[in-house]
Every structure is written in structure tokens, then in C-alpha cells.
Amino acid sequence: MMQTNDFMQIQNVKGTSDYIGDEQRLRRRIRNLLEQQFGRFGYEEADTSVLSELDWLTSKYGGGEEITREIYQLSDQRGRELGLRYDLTMPLARLMTLNPGIRLPYRRFELGKVFRDGPTKRGRLREFWQCDADVIGIAGAEAELELFQLAIQTFARLDIAITIRWNNRKLLAEVLGALGVPAALHASTMLTLDKLAKITRAELEAELVEKGLPASSLRLLMELITRSANGLSLSDIVATYELEAAASANEAVQLARLLEVLDTDGICQFDLFLSRGLSFYTGTVYEIFDASGQYPSSLGSGGRYDGMIGKLAEREELELPAVGLSFGLESIMELYRQQPGMQQRASEQQLYRVAVIPLGDTLTDLLRIAGELREAGMTVEMDTSRRRLGKLLGSLYARGIRHIVLVGETEIARGEVVVRDLQLGEEEVLPVEAAIHKLTCLYG
């Protein structure tokens, strides 16, 4: 006889999840909202392949060593080395390479799953959705500003107050150079500085020592970190290190002025030590956080990656200015879970479906009315379980259904139905056409 432990244990792979019911409905609502927002800003949808040639994904112009270690690698039956996409930026670069006739500037959005074989924690999975918007072909700071506005307006519709921390990687490199940090150590030093909010000062200093930072540079850098913690503005940094003529400083100052003019500088805060982990970023970088500080992980991020597309394609004419923004669906969902009030408000917006229930021998009429409601653009669920009405209505309301159409023998003989509002506890008897019109006005 087979023992219990002989059965295969069925479970999700660590770092992956399945979603059903209210959870999936809320996820879909957020994705729908993001698609609407992208459309309002004039972005066109793209859908790229999950699979890529491995040497493309690991290109020196791609995500860098940190991300290369997290690529899921596989091979096909002919032995070709492939990888699963770890973000939506590299596939966009391939798309631009294979479609050179795309009109510029090109505003693209894509929502899809990406995969990373890395450590997992709350809000960080191995299989997760990215929701990206990118602008290809605009070199000026107005492109970053557009994406900041997109983020601000979208999170406002999600009922989430945010802070956007931003920096310019080229500016940070100029500062590191002024501190005597060798150019060969700039990228590695930036990776460590990017952890400033996550590790202690002692841990940060020890990591920089291990990376071989000269003692004099390390001392100056730690002093700068202390000064920044006490308040150090962009203009202070430019003046201190005499960067007025530097292109990086001009880029940062231009963006700061636009943020100030449009009164978004309170939400968008300059952070000299933000650099983000992906090495393909060439200028402005940014991360989005919950303004209350209760949720520490970022809710979105992005940056400028000028020239990357052309370098990957080895075609100078495609070395285009480019900047992007990615919304973190998993982090947004986790924030909702941690703040019940927000999740409740989000769930209330799910009360949009209509259920149609037969009372007596009215199945044919039920099918007809359900069909007419659907033709009018509503989401309709039929329940023919014949369960006790009180329990059935309670169950339907708990699943997010507010309005019920009761198709009874007496009413249908008169050409009428009963429309019940489960939220208000009210009902009325209406002609079938009037009931459809009423529900269409509510949900259409």
C-alpha cells in the first residue's frame, strides 16, 4: 500500500504565486488603471517575447553583473542557450532594433511577467509583473518630467501618497571623481551607495573598504554622506565640486527647475546617492516610495538609458536617447495588504458585477435577460444553484456583487423583474427594459 509520503508534494515554486478571486480582481483592476493612464499620456502598447538569446541578455550593455546572475537560463532541443527576460527594457531594445521604421519619439507601454532567480522576500518574487512606460527619442528633461507626472497622477488614482527620489548617475560619477575614487570603481561604489537606506554606516564603510576604495576617498565620501544627511541641496553639490560646466549638472539642474515650476518638487526629492543597480542607466534615475514610510520597498523605478539600444544592436543610428518608468505591481499589492483601509477602499470599487437569479421555472427568461445585460456592456453572473436566497445573496455580496436581478414567475408574467441593491438593502420592481436601462446607467 502506498504511504502518504510517497505522494508527490504539489506546491508553488518558491517566489511564485497563483492568484484567484478578490486578489486577482484587484490585480486586474490595477493593471486596467495603468493601461488607461498609459493611454491618456499617448503611449502605444507592445507585447514582447519572454524568451531571448542568452548572449543578448548578458551583453555588457545590458543589466550588468548583478542582474546577470539572476537570469533563468535554459537551452532548446538544438542546444541554443536562451534566457527568460528579467525586465521589459532589454526586449524593448530588441524591438527597436528589429523595427527601425518606428516613428520617433516612440512612447511605448508593456505589461507582462518577468523572471529573476534571486533571493525572495515580501514584495520581491522570482516571477512577477512589470508595468513599463518608455519614451524613445527625446533627450531633454521633459521626458523625465512626463514620466514623473504619469507616476504622480497614477498613484493618486490608486489612493497612494508617494515620494519620488531621483538623481543623475553621471553627476554622482563626477562627484566620486572629485573625491578621488578611481573611475574603474565608480560602478561598484554606486552599487554600495544605493544600499545606504538599507544597511548601517559601518556596513557600508566595510563594503567600500573591501572593494578597494582609497582611504582618502573613503574618508571624504563618508564626510559627504554625513553632510547629505543634514541637508545638502543639488545647488550646494554643484557649487562645492565646481560642476557648473558639467553636462551632468546641467541635466540635473534643468530637471530640478522643471519640477519646481510645475510644483512637483515637494513630491520629487533629489538624492545624490541613489544610483539603482542596473548598469545600463546613463543619467537620471529614480525610485518611487510610499510617502508615509510604512512600506520600505520601492513601488516603482526607472531611469535614462541613452545609447543602449544602438550599442546592443551595434548600429550607431539607433544610439537613441531613451528613458523609462516601471510600476511595481507586486509592491503595490503588498502595500494594500499591509494597510487594510486602503485595501478596503480598493475592494469597494470591485462592486461592479450583476448577478441574475431565477425564482421558479424561469430559466429561459433568465438566459435572455442575462444576454441582454451583457450586450449592454455589463459583467453578469448567473446563479442557478437554487440555494436558500438569504445565504445566496450574502455570498454574492461578499464576492463583490452589489446588484441582483431576481427573475420570478409572477414578475416575468407581467414583463417585470426585481432589482435588489445589496449594499443599500433596497429593491424595486421594474419592467425588464427599465431594469436594464437602470443598471446600464450605473455601470455603463
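Guide: Two strands pair if DSSP finds at least two bridges between them. The model discussed here is a predicted one. With that term in hand, we may begin with a pair of strands.

Visitor: Which residue of E16 does valine 417 stand opposite?

Guide: Strand E15 (residues 416-421) pairs with strand E16 (residues 426-431) in the antiparallel sense, over six bridges. Within this pairing, the residue of E16 opposite valine 417 is leucine 430.

Visitor: Which residue in the hairpin of E15 and E16 takes a positive phi?

Guide: The hairpin of E15 and E16 has four residues between the strands. A positive phi near 70° is taken there by glycine 425.

Visitor: How many bridges join strand E14 to E15?

Guide: Strand E14 (residues 401-408) and E15 run antiparallel. Histidine 403 stands opposite aspartate 421 in E15. The number of bridges that join E14 to E15 is four.

Visitor: Why is E15 largely enclosed by the rest of the structure?

Guide: A residue is buried when its relative accessible area is under 20%. Strand E15 is largely enclosed because, of its six residues, the number buried is five.

Visitor: How many of the ten residues of helix H4 are buried, and against which helices do they pack?

Guide: Helix H4 (residues 89-98) has nine buried residues out of ten, so it is largely enclosed by the rest of the structure. Among the buried residues are Thr89, Pro91, Arg94 and Thr97. The buried residues of H4 pack against the strands E2 (51-53), E5 (106-115) and E6 (127-136), and against the helices H2 (54-57) and H12 (308-313).

Visitor: What is the orientation of H1 and H13 to each other?

Guide: Helix H1 (residues 21-40) and helix H13 (residues 329-338) pack with their axes 11 Å apart, at an angle of about 125°. Angles of 65 to 115 degrees count as roughly perpendicular and those over 145 as roughly antiparallel. H1 and H13 are therefore oblique.

Visitor: How do the residues of the contact of H1 with H13 divide?

Guide: H1 contributes Glu23, Leu26, Arg27, Arg29, Ile30 and Arg31, while H13 contributes Leu329, Glu330, Ile332, Met333, Tyr336 and Arg337. The residues of this contact divide into six nonpolar, no polar and six charged.

Visitor: What is the orientation of H7 and H8 to each other?

Guide: The axes of helix H7 (residues 186-193) and helix H8 (residues 201-210) come within 10 Å and cross at roughly 165°. Angles over 145 degrees count as roughly antiparallel. H7 and H8 are therefore roughly antiparallel.

Key. Residues numbered from 1 in each chain as written. Predicted model: local features only at pLDDT ≥ 70, side-chain atom pairs only at ≥ 80, totals over all residues. Heavy atoms only, no water. Buried < 20%, exposed > 50% of the residue type's maximum accessible area, 1.4 Å probe, protein only. Helix = DSSP H or I, 4+ residues; strand = E, 2+ residues; numbered from the N terminus. Contact = heavy atoms within 4.5 Å. Axes fitted to C-alpha atoms, helices over the stretch in contact; angles between N-to-C directions. Parallel < 35°, antiparallel > 145°, perpendicular 65-115°, else oblique. Nonpolar A, V, L, I, M, F, W, Y, C, P; charged D, E, K, R; others polar.
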